[in-house]
Amino acid sequence: MFTLAKNIIKKQTERLAASQPKFVFTHVPKCAGSSLSVSLLNGIYPSLIKNSPLTTGIDIKLALQISKLTGIKEQKIREINLASHLSSNKKVFVTGHCYASPSLVNEFNDEWKFITVLRDPVDRFISEFVYNTYKTNTWKKNDLDISDYIAMDNKVGCGVTYARFFSGMDLEEILDYPNIAVERSVANLKNFYKVGFLNELDTWIEELNQEGGFKVKVHNTNSSPNKVVMSDILSDRNKLAEIRKLCSVDIDIYNQIKDHYHLKNK
């Protein structure tokens with residue numbers, strides 16, 4: 001009896017999932033993803049779906065625990081988790097700070113609509129520094145000043161965040177072969193269903209709603225925890241020059257993808 005009930009519930013879940021659009025929202029840090037994830041969930045899916053296990057986020061804290069136990073890189077665990085969700089037939093919406101490599105996107109983009117939002121890489125870099133330095137929680141909190149943060153970036157790769165998320169290459173490979181990282185990231189992002197840009201978010205949401213018949217509304221994005229520091233960095237020409245150099249790969253990816261989608265939408 002229990003097995004029969006379990007099978008019935010499984011089939012009902014799969015039928016319900018099959019009737020809904022399937023979205024993967026790749027949340028790049030400091031690109032308005034936290035608030036946008038909620039907006040997408042509320043605007044695309046009915047209450048029955050959005051409040052069910054059919055929608056999920058990547059558990060980053062669990063990934064960190066598993067990484068410490070196994071020695072496997074944290075982001076690799078997140079991507080394995082993502083691949084598991086996309087393969088399960090029991091999910092319709094997945095979001096999180098998770099890499100979307102070319103091989104993963106190629107495998108699932110016939111069934112799943114991959115979407116993301118990008119931001120000017122220099123602004124994104126500074127915003128991430130300010131947020132991680134002045135946030136109230138202790139999760140991966142930064143205690144370096146901006147000069148040391150910039151000097152240490154070759155070890156953490158904040159300046160090549162887009163390349164890390166979309167090229168399928170690790171940090172060392174990106175730094176050694178930047179042109180290949182750009183090429184692979186751009187080709188991968190062209191396979192996405194939609195790529196938005198933070199400074200054009202209203203237009204992107206409007207297009208998404210028109211194409212899918214959705215009711216997504218843009219909510220306020222998280223504000224900087226220290227606008228004064230952000231303003232000071234933006235007004236420092238020397239610091240900006242250093243940051244632009246660090247972000248040169250991501251700037252190239254950003255510009256090429258922005259040109260691609262602008263031409264596509266003309």
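Predicted model: local features only at pLDDT ≥ 70, side-chain atom pairs only at ≥ 80, totals over all residues.
Local features need pLDDT of at least 70 and side-chain atom pairs count only at pLDDT 80 or more, while totals for chains, interfaces and linings use all residues. Residues are numbered from 1 along each chain as its sequence is written, and side-chain values use heavy atoms, without hydrogens and water.

**View 1. The largest cavity and its lining**. A cavity is a set of points on a 1 Å grid over the protein atoms alone where a 1.4 Å probe fits but cannot get out, and its lining residues have an atom within 4 Å of a point. The structure has two cavities of 30 Å³ or more, and the largest holds about 40 Å³ of space; a volume is the space filled by probe spheres set on the points, which are joined across faces, edges and corners. Its lining consists of V24, F25, T26, I58, L82, V94, T95, G96 and C98. Two or more of these residues come from each of β1 (23–26) and β3 (93–96); strands are DSSP runs of E, at least two residues, and helices are runs of H or I, at least four, numbered from the N terminus.

**View 2. Contact of helices α7 and α14**. The axes of α7 (residues 121–134) and α14 (residues 227–234) come within 10 Å and cross at roughly 145°. Axes are lines fitted to C-alpha atoms over the stretch in contact, with angles from 0 to 180 degrees between N-to-C directions. Contact, meaning heavy atoms within 4.5 Å, is made by D123, I126, S127, F129, V130 and Y134 of α7 and by V229, M230, I233 and L234 of α14.

**View 3. Y131 in helix α7**. The C-alpha atoms of Y131 and K30 are separated by 8.4 Å, although the two residues are 101 residues apart along the chain.

Conventions
1 Å grid on protein atoms, 1.4 Å probe; cavity = no way out; pocket = protein on both sides within 12 Å on 5 of 7 lines; lining within 4 Å.
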